[in-house]
Amino acid sequence: YRILLVNGPNLNMLGVREPGVYGNASLSNIVSELECQAASMNVSLSHVQSNAEHELITAVQQSLGQQDFILINPGAFTHTSIALRDALLAVAIPFIEIHLSNVHAREAFRRHSYLADIARGVICGFGAKGYHYALDAAVTALQTTK
Ligand code: DQA
C-alpha cells in the first residue's frame, strides 16, 4: 500500500513551537520514526509538509491514482479550508485527520473541522504518538476494505 503523510502550516516548527502544547519532537524526528514503522509494516510512506494552502491542495490532487490512503495534520487549515476539503472529496482517497493536541480542550475555534466529517477517523490529543496510531489504523483499514 502507498500512504501519503501531509503536514500543514507551522508543523515544520515542531520542537520549537509551543513545546508544552505540541511536544519536543521535531517534524523530521516524527517522520523518520513513521518511516521505520511503515517499513516494518511493508507499506510505502511519502511525506509532504507545506505552509501554503495551494501546495497542500496540489499534493492531495496529485495523489489521485498514486496513493491509497492519506494521513493529514492540516494544522490551522483544519479550521478554515473549504478548498482542502474539496480536494479530499475530489480524489476520494480515504484519510485520517491527526492533531497532536486535543483540539477540543483548547480555544472554541479549534473545535470545528472542515475535514472531520469526511475523514475515516480523527486522532487528536496523543502528541506524536497520534501519527503512529493513525498509520496503524490506516493499514488495518486498507487490509480490511480491499
Ligand atoms: C494542530 C491543531 C491546530 O488547531 C493548530 O492550528 C495546529 C496544530 C495539532 O496538531 O494539534 O497548527 O493541528
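Two strands count as paired if DSSP finds at least two bridges between them. Keep that in mind as you look at this predicted model, where 5 strands form an open sheet with parallel pairing. Let's walk through the sheet, and then through the helices.

**The sheet**

- Reading across the sheet, the strands come in the order β2-β1-β3-β4-β5.
- The edge positions belong to β2 (44-49) and β5 (121-124). Each of these has a single partner strand, so one of its sides has no neighbour in the sheet.
- On average, neighbouring strands are turned by 20° against each other, with direction ignored.

**A closer look at one strand pair**

- Strand β3 (residues 69-73) pairs with strand β4 (residues 95-99) in the parallel sense, over 3 bridges.

- Helix α2 (residues 27-40) lies across β1 (2-7) and β2.
- Relative to β2, helix α2 runs at about 165°.

**Two helices side by side**

- A pair of packed helices is described by the distance between their axes and the angle between those axes.
- For helix α3 (residues 53-62) and helix α4 (residues 82-91), the axes come within 9 Å and cross at roughly 5°.
- Angles under 35 degrees count as roughly parallel, and α3 and α4 are therefore roughly parallel to each other.
- On the α3 side, the contact is made by E53, L56, I57, V60 and Q61, while α4 contributes A83, L84, A87, L88, A90 and V91.
- Sorted by class, this contact of α3 with α4 has 9 nonpolar residues, 1 polar and 1 charged.

Key:
Residues are numbered from 1 along each chain as its sequence is written. This is a predicted model: local features need pLDDT of at least 70, side-chain atom pairs count only at pLDDT 80 or more; totals for chains, interfaces and linings use all residues. Axes are lines fitted to C-alpha atoms, for helices over the stretch in contact, and angles run from 0 to 180 degrees between N-to-C directions. Helices (H or I, at least four residues) and strands (E, at least two) are DSSP runs, numbered from the N terminus. Angles under 35 degrees count as roughly parallel, over 145 as roughly antiparallel, 65 to 115 as roughly perpendicular and the rest as oblique. Two residues are in contact if their C-beta atoms, placed from the backbone, lie within 7 Å. Ala, Val, Leu, Ile, Met, Phe, Trp, Tyr, Cys and Pro count as nonpolar, Asp, Glu, Lys and Arg as charged, and the others, Gly among them, as polar.
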